[in-house]
Structures are given as structure tokens and as C-alpha cells.
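Subject: Structure handover

Hello,

I am passing this structure on to you. Please look it over first; my notes follow below.

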Amino acid sequence: MLSLLESRAAGEELKMNGDLVEAVRAIVTDPEVDDAFKTCVLSLPGEGEISEMVTPADPAAIHEVRDFVVLSLVEAMESDLRSIFEARATAPDTPYELDFASKSKRGLRNTCLALLAKLKTPEITELCAKCYEDATNMTDSFAALAAAAGIECWYHQHSIIVVITVVSAVIF
């Protein structure tokens, strides 16, 4: 991302590094790599972390470049992300487990959903809604709401109302 920040500062067109995409794809599709590590790989550095690496920090440039990288990865890996997401689905009657493997599986599935939501397609919007409606635990409910929150649609407004209601119930 740092080289892309330099490219942007020089007024050059942003171009995604194909080697980076293939490296991420190789890791997240490798059945020998555990889901927790795959989640870490897909969770790119945040804007705050990036701003600590550059001087002076340009928040607008960092935001633009990070969004470019995330969207480029999602567009290039959409079918992989969908496959990973679908492969980690659980049956509705599956009990909620707190073991490492279960938490890793949920984390990777929810990370894939959040990334796919960056596409902002009607199909993904419906997928977020279905994930929320089918969620059997708060982790998955909030993950679906968070993914939908970035999409302008009817469900976006619904998700904000649900979050406010849930938070109000917890606080008061």
C-alpha cells in the first residue's frame, strides 16, 4: 500500500499488484492453513496503522488507496471469497461453540461476507440480509449488520434501527 500511496502522490494511476492478489489467494485457498490465519491475511492494515507508516500522513490518500486495494482484492477474488464463505456455513441447529476452530470458522466466514459487501451488488445485499435473518448468535448477527451497513439500500436503514435498538437495550 505504501508504494500505491507514492503513486497517488505522484499523480499516477493506481494499479493493483497481481502478485499480491495471487499471494493472498494462495494463502486463503490453501486447506492446510488454518482459518484464523486466513482471517488475518484478509484483514488488511487499517487506515490508522498505515498513517503511522508515512510522514506526513494524508488521511484522504490513505483512505482512497486502502479502499482501492480492498476493492481490487475482492473483485479479483470474488469466487474464492464466495466459496470460502459457503464452505463455512453451519446448519441452523448447530450449537454455538467457543473453541478455537469454531471461532476461527465464524471469523473467516464473517470476514468474507464483509469483503463481499464491498461489491455493493443487489445479490450481496440480499446475502447480508439472509445472513442476519438466519443468524443463530450475536457474532453472526452483528457481522451481517456491519457488512450491510456499508451498502445504501433498504436493509442499511433497517440494520441501523436494529443496532440502535440492541445497543439501547443493553445500555438501559
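The structure, which is a predicted model, holds one cavity of 30 Å³ or more. The space in this largest cavity comes to about 50 Å³. Its lining is made up of L42, L44, V70, L73, V74, M77, L81 and L115. By class, that lining has eight nonpolar residues, no polar and no charged ones. Helix 5 gives the most to the lining, with five residues.

Helix 5 also takes part in a helix pair. Two packed helices are described by the angle between their axes and the distance between the axes. Here helix 2 (residues 18-28) packs with helix 5 (residues 59-87) at an angle of about 5°, and their axes lie 10 Å apart. Angles under 35 degrees count as roughly parallel, so helix 2 and helix 5 are roughly parallel to each other. On the helix 2 side, the contact is made by V21, V24, R25 and V28. On the helix 5 side, L73, A76, M77, D80 and I84 make the contact. Seven of the contact residues are nonpolar, none is polar and two are charged. L73 and M77 of helix 5 belong to this contact and are also among the residues that line the largest cavity.

Leaving aside residues up to four places away in sequence, T111 touches T39, L42 and S43. Of these, L42 is also one of the residues lining the largest cavity.

Regards

Notes:
Residues are numbered from 1 along each chain as its sequence is written. This is a predicted model: local features need pLDDT of at least 70, side-chain atom pairs count only at pLDDT 80 or more; totals for chains, interfaces and linings use all residues. Side-chain values use heavy atoms; hydrogens and water are left out. Axes are lines fitted to C-alpha atoms, for helices over the stretch in contact, and angles run from 0 to 180 degrees between N-to-C directions. Helices (H or I, at least four residues) and strands (E, at least two) are DSSP runs, numbered from the N terminus. Angles under 35 degrees count as roughly parallel, over 145 as roughly antiparallel, 65 to 115 as roughly perpendicular and the rest as oblique. Contact means heavy atoms within 4.5 Å. Ala, Val, Leu, Ile, Met, Phe, Trp, Tyr, Cys and Pro count as nonpolar, Asp, Glu, Lys and Arg as charged, and the others, Gly among them, as polar. On a 1 Å grid over the protein atoms alone, a cavity is a set of points where a 1.4 Å probe fits but cannot get out, and a pocket is an open set with protein on both sides within 12 Å along at least five of seven lines; lining residues have an atom within 4 Å of a point. Grid points are joined across faces, edges and corners, and a volume is the space filled by probe spheres set on the points.
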